[in-house]
Structure formats: C-alpha cells, structure tokens
Amino acid sequence: MIGFLSRSLGWSTKVTVFTILLASIFSSISTFVLSNASIMLGIITVFFFISFGVISDTIGLSAAAAKEYPFHAMASKRIVGAKESVHICKNAEVFSSFFNDVVGDICGIVSGSASAAVVLQLSLMAGQNEDSIYHLIMAIIFTSIVAGLTVGGKALCKEIAIRGSTKIIFILGKTIYLLETKLSIQVFSSDKK
C-alpha cells in the first residue's frame, strides 16, 4: 500500500510540474498569436486548441481501450512501432492520464481563455466596451459554440477511440518509433522497452 501511494505521489508530482510547463507553453503561444492578431486568426487559434484537445482525448481513451495481444504478434514479426505500442498498452494509465488529463484539459482551458480574447476583440471592433450588452451576448454565443464543439467533438471521437483503439495506438507507436530512431528524441527510457 505504501509503495502504491509513493508511486502515485511521484507520478502526480511529475504530472503537476509537466502540466505547469506545458500550460505555460500553450498559453504563451495563444497569447503571442492573439496579442496582435486579426479576429480570424484568433478564431482559428481557438479552433486549433479545440481540435488538439479532442485528438488528445481520443488518443488517451484509445490507450485505455487497446489490448496488448495484437501488438505482441506484430512485435514478434519485428513490425516497426509494435514494441512501442506494447509499451503504451502496458502503461495505459500513464498515457491516458497524460493525453486526457494533461494535454486535453490544458487545451480546454487555453481555448476558453483564447475565446475570451476573441470576444473582447469583437466587442472593441464593434465600438463596445466590456460592460455592454453586445459584449455579453457575444460572450454567451462564442462560449456556447466553443463548449458545444469541444463536448460534441469528444463525444464523436469516443466511439472512434474505442472501436479503432488498435489502429490509433499503432499509429502512436510508429510515431514514437520514428521520434526515437530518426530524430533521436527519447520518449521511453531504454530500460522500459
């Protein structure tokens, strides 16, 4: 029991620190893009973060739903990405937590703050201030659209993630293989493979 708590505390500490770093990167990108951007670029930025969050949630759910055995068969045939896919399945809780809780939630938060910036730009462009009824209506409409697309996108991708988990995890496994072999970006520590 103590070992489990110690591992959980270690993992949650790593996730917290990594989330702070990743959130600051995403937020910096969003702030930089939106600081002097047109409304169209602002809207594109919001929809980029919505899409990125939905894709991330799809990968996270796929990691939780995928089974190891197809990848063991592929790995025995030395198919590229199969060994990495087995590792993902064996560590499904870590991958699911990372993609759903870290990346997916950060994208939701950043898309929300970016949408607030877009609404403010729309209000100022219309010659309205933040206290006007126009600003309030635009905020309600834009926030509702962002929420609807986020929830609707995640609902659509849940079935895709569950039914296509093997394909999705295999694509992720191949991607990790390419990152490690072609770009020398170490995703997994060598002792865990």
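**A tour of pockets, a cavity and a surface patch**

Start in this predicted model by selecting A75, R78, I79, K83 and E84, which lie nearest the centre of the second largest pocket, out of 10 residues that line it. The volume of this pocket is about 150 Å³. Now colour the lining by class: five residues are nonpolar, four are charged and one is polar. Which helix gives the most to this lining? Select residues 82–90, helix α4, which supplies three residues.

The largest cavity holds about 40 Å³ of space. Show the helices as cartoon. α2 (39–65), α5 (92–125) and α6 (133–163) each bring at least two residues to the lining. By class, this lining has five polar, four nonpolar and one charged residues.

Last, turn to the surface. Select I133, Y134, L136, I137, I140, I141, I145 and L149. They form a nonpolar patch, and their accessible area together is about 720 Å². Zoom in on L136, a residue of helix α6. Is L136 buried, partly exposed or exposed? L136 counts as partly exposed because its relative accessibility is 46%, between the 20% and 50% cut-offs.

Notes:
Residues numbered from 1 in each chain as written. Predicted model: local features only at pLDDT ≥ 70, side-chain atom pairs only at ≥ 80, totals over all residues. Heavy atoms only, no water. 1 Å grid on protein atoms, 1.4 Å probe; cavity = no way out; pocket = protein on both sides within 12 Å on 5 of 7 lines; lining within 4 Å. Points joined across faces, edges and corners; volume = space filled by probe spheres on them. Helix = DSSP H or I, 4+ residues; strand = E, 2+ residues; numbered from the N terminus. Nonpolar A, V, L, I, M, F, W, Y, C, P; charged D, E, K, R; others polar. Patch = residues over 30% accessible without salt bridge, like charges linked within 9 Å, V, L, I, M, F, W, Y side chains within 5 Å. Areas by Shrake-Rupley, 256 points an atom, 1.4 Å probe, with all protein chains shown as cover. Salt bridge = Lys/Arg side-chain N within 4 Å of Asp/Glu carboxyl O. Buried < 20%, exposed > 50% of the residue type's maximum accessible area, 1.4 Å probe, protein only.
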